[in-house]
Amino acid sequence: MRYHPLWQLTLGKLREFVREPEAIFWVIVFPILLALVLGIAFRSRGPDTIAIGVESGEGAASVARTLDGAPGLRAEVLEEADAREALRDGKVALVVVPGPEPAFRYDPTRSESRTARLAVDDALQRAAGRTDPVKFRDETVSERGSRYIDFLVPGLLGMNLMGTGMWGIGFAIVSARSKNLLKRLIATPMRRSHYLLGQMFGRMVFLVFEVGALVGFARWAFDVPFRGSIAAFAAVTATGALAFAGLGLLTASRARTTEGVSGLMNVVMLPMWMCSGVFFSSSRFPDFAQPAIRALPLTALNDALRALMLDGAPLARVAGEVAIVAAWGVAAFAAALYLFRWK
């Protein structure tokens, strides 16, 4: 076994990875930095104060005082031209035009402007004496798993598995081909499958460090929950890593230059970066696009990881998503085995 081609090729892939510090940065450090920056930028906090402009004129000062006394609102009296400019530039969400026929000036396509319209109308109506016939009490909820950082971390993990699986393997193969290193391997006692599997197995060794670093940091820094089975989580991440390693082999099976393989990988990965729910939910896309989006391997992987981490779902519940990811991996490896050329 020590001298088996598959074992030696796997060791070679490991040595190649360890000797490239930049690879360790992109695989382990970069996802942590991305989670840190986005986790801080979109951290859970109280509602923002809404800036309101009050157009100068009769009663402007009184309206501004009323709005300043309302929770969550900050009003400022502005001249008409300044008020229009502030609204256009987004410095205020809404402009109140006081007078005998008061008006609200705002952009209905902006969600913050619609929210401001409701809040300002409520504050002014209450100041004029309106009372609610039915009063409701507030029951606020703050639970781990409902924050943006909780949604983000499984998506970052899936994106990282895709990126390292494809870029790490694809570039290594094309670089070796362009330097005529693959040509020399033809004379060695190994099969084409040994070489391709060696690339995939070498990628799998660092999976524990890659996944453990990101998940461990997210739990330590942001208290991101992990409610599922570690064994099920490991099985899903391993399936995802192998699937994207297979896609990396496929894109590099015929490419002769790094520029060529870079273009192919971008064509493959760009739809998944945009549509597979890494930074926002894939449900935002139209209904007619959902079947195609759900069929993407990264969408299925992200959905499975979120179900395991945040909901504590058993492996059986995400079997459909895992099957999609595994099917992509098997098909990609079979196609790569058929299409691969040494030269």
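Reader: What makes Val29, Leu33, Leu36 and Ile40 a nonpolar patch on the surface?

Author: This is a predicted model. Nonpolar side chains are joined into a patch within 5 Å, and each residue needs over 30% relative accessible area and no salt bridge. Val29, Leu33, Leu36 and Ile40 form such a patch, with about 290 Å² of accessible area together. Take Leu36, found in helix H2 (residues 21-41). Leu36 has a relative accessible area of 32%, and the cut-off is over 30%.

Reader: Is Leu36 then called buried, partly exposed or exposed?

Author: Partly exposed, at 32%. Buried means under 20% and exposed means over 50%, so a value in between is partly exposed.

Reader: How many aromatic pairs are there?

Author: The structure holds four.

Reader: Why is the pair of Phe226 and Phe233 called edge-to-face?

Author: Their ring centres are 5.0 Å apart and their planes meet at 80°. Pairing needs centres within 6.5 Å, and planes over 60 degrees apart count as edge-to-face. So the pair is edge-to-face.

Reader: What makes the pair of Phe280 and Phe285 tilted?

Author: The angle between the planes is 40°. Stacked needs under 30 degrees and edge-to-face over 60, so the rest are tilted. The centres of Phe280 and Phe285 are 6.1 Å apart.

Technical notes
Residues are numbered from 1 along each chain as its sequence is written. This is a predicted model: local features need pLDDT of at least 70, side-chain atom pairs count only at pLDDT 80 or more; totals for chains, interfaces and linings use all residues. Side-chain values use heavy atoms; hydrogens and water are left out. Rings of Phe, Tyr and Trp (its six-membered ring) pair if their centres lie within 6.5 Å; planes under 30 degrees apart count as stacked, over 60 as edge-to-face and the rest as tilted. Patches are made of residues with over 30% relative accessible area and no salt bridge: like charges are joined within 9 Å, nonpolar side chains (Val, Leu, Ile, Met, Phe, Trp, Tyr) within 5 Å. Accessible areas come from the Shrake-Rupley method with a 1.4 Å probe; for residues, only the protein chains shown count as cover. A salt bridge is a side-chain nitrogen of Lys or Arg within 4 Å of a carboxyl oxygen of Asp or Glu. Helices (H or I, at least four residues) and strands (E, at least two) are DSSP runs, numbered from the N terminus. Buried means under 20% relative accessible area, exposed over 50%, partly exposed in between (1.4 Å probe, protein chains only).
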